[in-house]
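Dear colleague,

Please find below the structure that I am handing over to you, with its sequence. My notes on what was found in it follow directly after.

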Amino acid sequence: MPNEIKQTVPLPKSVGLEPTSVCNLSCPKCPARSVNQHPEKGFMALNDYRDFLTRYPVIRKVYLRGRGELFLHENLAEMIQFAAERGIAITIANGTNLNDATDEALEAVVRFGVKAVRCAVDGATRRTYEKYRVGGDLRKVIRNIKRINELKHKYCSPFPLLIFQFIPMACNIHEIDQAALLAQMLKMKFEIRLNRFPEKLSPVEREKIRRYAGYADRAEYLHKTKCHFFRQLCPQPWISPRITWDGRIIGCTCNNDFGYFPGNVFTDDLRESLNSEALIYAREMLMGKKPPRKDVPCCHCDCYQAMCHYKNWITEDDINNRIMMIEQDLV
């Protein structure tokens, strides 16, 4: 039986906020392109952002993440500064493409101590990069990364940690070693994010991926570990809920297509919204205490479906370990 976990939650110390759902690229398999459940596009109002963080001073960490390219937000520098002046740690956590960034925003990232910036690159040459990052320009990305490194030197700061994200695909696997070298040259941490779609890769190519990530794809990861690749995100509805640009609650980072939970954090009480009947039921589902319910977004998620299959429900240890990682800036 799963360990006993409270069904209701206090105000969280961390949240995931989506500055924008608008993107400047047209990556063919990106979930942000889906309009099944989240068709609306827009930018978080600066006043809503400021008011939200002011009303809930218990929040000490904000993950800027979502379906869009956050550097497109014209007020990103102000958002970062506002948080920093209140002692709120910022992490850019969800794979910015870093094609279009103002000097003001890049300087704010370093000057105000953003903890980490994850950059979705997925290639070592322009030709390969542009096969997937359609509409992007690798030269601009590298220029912006170098600018961040120059600013880190200027401010004598170790932050942000720069992460070079590489999703292995048939179109780029031949450059995986070259990409790792490029990341090293750019003073970035090289990380593999396993592909969520089946790819036609040879045994040799799959072995290349295993050398870096331990597994060739998410299906292999699931088969060997009995856990979904993103299962570690399932505690977010307890400790770090994800909120869209317009204040709606989608619970966790994996919910791109499955609907919203009740409430709006910009107009409603945050604690009441996080303890709506639907979110309480979702947490009970993730603990294995309640059966799936179609109106609860988690019901349609691959993570939850894998959890049902292997009966590895969320436990108190899962939540406590995630809290520890957040507090130690490990995620």
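Val62 stands opposite Ile90 in strand S3 (89-96), and on the other side of the pairing list, Val15 stands opposite Val62 in strand S2. Strands and helices here are DSSP runs numbered from the N terminus, with at least two residues (E) for a strand and at least four (H or I) for a helix. Please bear in mind that this is a predicted model, in which local features need pLDDT of at least 70 and side-chain atom pairs count only at pLDDT 80 or more, while totals for chains, interfaces and linings use all residues. Residues are numbered from 1 along each chain as its sequence is written, and side-chain values use heavy atoms, with hydrogens and water left out.

The sheet

S2 (residues 61-64) pairs with S3 in the parallel sense over 4 bridges, where two strands are said to pair if DSSP finds at least two bridges between them. Leu64 of this pair stands opposite Ile92 in S3. Strand S1 (residues 14-17) also runs parallel to S2 and is joined to it by 4 bridges. In S2, Lys61 and Tyr63 point one way, Val62 and Leu64 point the other way, and all are buried; buried means under 20% relative accessible area, exposed means over 50%, and partly exposed lies in between, with a 1.4 Å probe and protein chains only. In a regular strand the side chains alternate between the two faces of the sheet. S3 is largely enclosed by the rest of the structure, because 7 of its 8 residues are buried.

These strands belong to an open sheet of 9 strands with mixed pairing, in the order S6-S5-S4-S3-S2-S1-S7-S8-S9. S6 and strand S9 (261-264) stand at the edges with a single partner strand each, so one side of each has no neighbour in the sheet. Strand S7 (residues 242-243) and S8 pair in the antiparallel sense over 2 bridges, and Arg242 stands opposite Gly251 in S8.

Asn97 and helix H3

Asn97 lies in the loop between S3 and H3. With a relative accessibility of 4%, Asn97 counts as buried. Its side chain makes a polar contact with the side chain of Asn24 at 2.9 Å; such a contact is a pair of N or O atoms within 3.5 Å, in which, within protein, one must be able to donate a hydrogen and the other to accept it, and residues adjacent in sequence count only if both atoms are side-chain atoms. A polar atom of the Asn97 side chain also lies 3.0 Å from the backbone nitrogen of Asn99. Not counting residues up to four places away in sequence, Asn97 touches several residues, including Cys23, Glu69, Cys119 and Tyr129, where contact means heavy atoms within 4.5 Å.

In helix H3 (residues 103-111), the buried residues are Ala105, Leu106, Ala108, Val109 and Val110. Their cover includes helix H2 (76-85), S3, S4 and H5. Gly113, which follows H3, has a positive phi near 70 degrees.

Backbone points to check by eye

Asp122 has a positive phi near 65 degrees although it is not glycine. Asp122 is placed in the loop between strand S4 (116-120) and helix H4 (126-132), and is buried, with a relative accessible area of 2%. Lys187 likewise has a positive phi, near 60 degrees, but is exposed, with a relative accessible area of 62%. The loop that holds Lys187 runs between helix H6 (176-185) and strand S6 (189-192). The peptide bond from Phe159 to Pro160 is cis, with omega near 0 degrees, and Pro160 is in the loop between helix H5 (138-154) and strand S5 (161-166).

A buried glutamate

Glu284 is located in helix H11 (residues 277-286) and counts as buried at 6% relative accessibility. Leaving aside neighbours within four places in sequence, Glu284 is in contact with Gln7, Lys289 and Lys290.

Yours sincerely
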